[in-house]
Amino acid sequence: MKCTRCKAKAEVHLRAHNAGFCRPCYLEYFRRQVERTIARERMIGADDHVLVAVSGGKDSLALWDVLVGLGYRTTGLYLGLGIGEYSDRSHEKVETFAAARSLPLEVRTLAEQGAGLAVPDVAAATRRAPCAACGAMKRHFFDAAAHEGRFDVLATGHNLDDEAARLLGNVLRWQRDHLARQRPVLEPSHPKFVRKVKPLYLLSEYETAVYAFMRGIDYIVEECPNAEGATQLVYKDALDRLEAASPGTKRAFVKEYVRTIRPVFDTAAARDAPGECEACGMPAFGVLCSFCSLVREVEHKRARRAAAGLDA
Ligand code: SF4
Ligand SMILES: [Zn+2]
Ligand SMILES: [Zn+2]
């Protein structure tokens with residue numbers, strides 16, 4: 001196959017776009033896609049300082065790489081989740097990436113926030129699925145870091161496959177609140193929140209993997225050990241089959257949702273503005289934000305175990 005743009009030998013074939021690209025044209029294509037998405041959705045202003053949440057995986061590191069290439073002022077944020085060797089290795093990848101490019105990086109770990117706050121411990125103590133506990137904690141730390149560092153925007157590396165799987169899950173249960181909040185740009189609903197954006201939401205996992213490979217980005221290939229049990233993977237698998245039978249399905253599913261259907265859910269999202277968490281001061285819909293509720297639950301469990309003589 002020949003490159004759609006320059007007719008050289010194509011190195012990558014994108015069935016969803018019925019296009020092929022040589023290496024330089026593919027990198028250009030990828031950057032333009034991100035640039036257009038940012039402009040169309042008004043994600044990032046020219047003077048904005050962007051906090052990029054990086055996990056060490058291909059998507060978030062590719063995102064950071066593109067944003068730097070597009071000239072944005074960025075700082076990386078890595079959150080150590082305490083998931084054994086997976087967390088150690090992902091931390092290493094992020095440090096190496098930032099050091100090689102002299103990019104500023106902030107590192108926070110759940111362990112330094114208090115005993116028993118690593119993802120596996122919180123999941124066990126609260127009997128939640130690890131991803132549910134992890135999601136609540138990540139949201140809290142990303143929001144808090146963006147607020148404390150006075151950033152304008154928080155960018156995450158969610159790709160098309162992530163967004164399509166999430167959308168399918170929300171549609172299957174008709175979760176109106178979740179559907180209303182599923183958007184590529186989430187404007188702040190409280191002065192302590194910043195705008196949250198997903199510049200890769202129309203680029204597939206395959207496309208970001210190719211970009212990361214071509215740019216020589218060394219990312220963590222293995223999945224988080226908790227990903228295996230996640231329902232999202234079942235949805236991803238179902239969507240992969242639909243995509244194989246009809247290329248472009250995922251993109252149409254997400255793009256048309258955002259463009260034509262999501263506005264219908266806007267009224268569902270119109271809930272009261274959040275107040276502030278009694279414990280940490282971040283926005284919350286109850287007395288405590290969901291992170292502080294989790295912490296409290298963990299503390300109660302620890303106290304009960306200590307009282308029963310089960311802990312040292
Ligand atoms: S797979 Fe689940 S536990 Fe692992 S990083 Fe993702 S959300 Fe967290
Ligand atoms: Zn070309
Ligand atoms: Zn709180």
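In which helix does His140 lie? Select His140 in this predicted model; the residue belongs to helix H5. His140 counts as buried because its relative accessibility is 13%, under the 20% limit. Next, display the contacts of His140, leaving aside neighbours within four places in sequence: the partners are Cys280, Met282, Cys289 and Phe291.

Two of these partners lead to the next stop. Select the zinc ion (ligand 3), which is coordinated at 2.3 Å by the SG atoms of Cys277, Cys280, Cys289 and Cys292. The angles subtended by the four donor atoms run from 105 to 116°, and the arrangement is therefore tetrahedral. Along the chain, the donor residues of this zinc ion follow the spacing C-x2-C-x8-C-x2-C. Cys277 is found in the loop between strand E9 (275-276) and strand E10 (283-284), while Cys289 is in the loop between E10 and helix H12 (290-307), so this pair ties together parts that are twelve residues apart in sequence.

Now colour these two cysteines by accessibility. Cys277 counts as buried because its relative accessibility is 4%; Cys289, at 6%, also counts as buried.

Proceed to helix H4, which spans residues 119-126. Select its buried residues, namely Val119, Val122, Ala123, Ala125 and Thr126. What covers them includes helix H5 (130-148) and H12; H5 is the helix that holds His140.

Finish just after H4, at Arg127, where the backbone takes a positive phi of about 55°.

Technical notes: Residues numbered from 1 in each chain as written. Chains lettered and ligands numbered in written order. Predicted model: local features only at pLDDT ≥ 70, side-chain atom pairs only at ≥ 80, totals over all residues. Heavy atoms only, no water. Donors = N, O, S within 2.8 Å, 3.2 Å for Na, K, Ca; no water. Tetrahedral: all angles 85-135°; square planar, octahedral: opposite > 155°, others 65-115°. Helix = DSSP H or I, 4+ residues; strand = E, 2+ residues; numbered from the N terminus. Buried < 20%, exposed > 50% of the residue type's maximum accessible area, 1.4 Å probe, protein only. Contact = heavy atoms within 4.5 Å.
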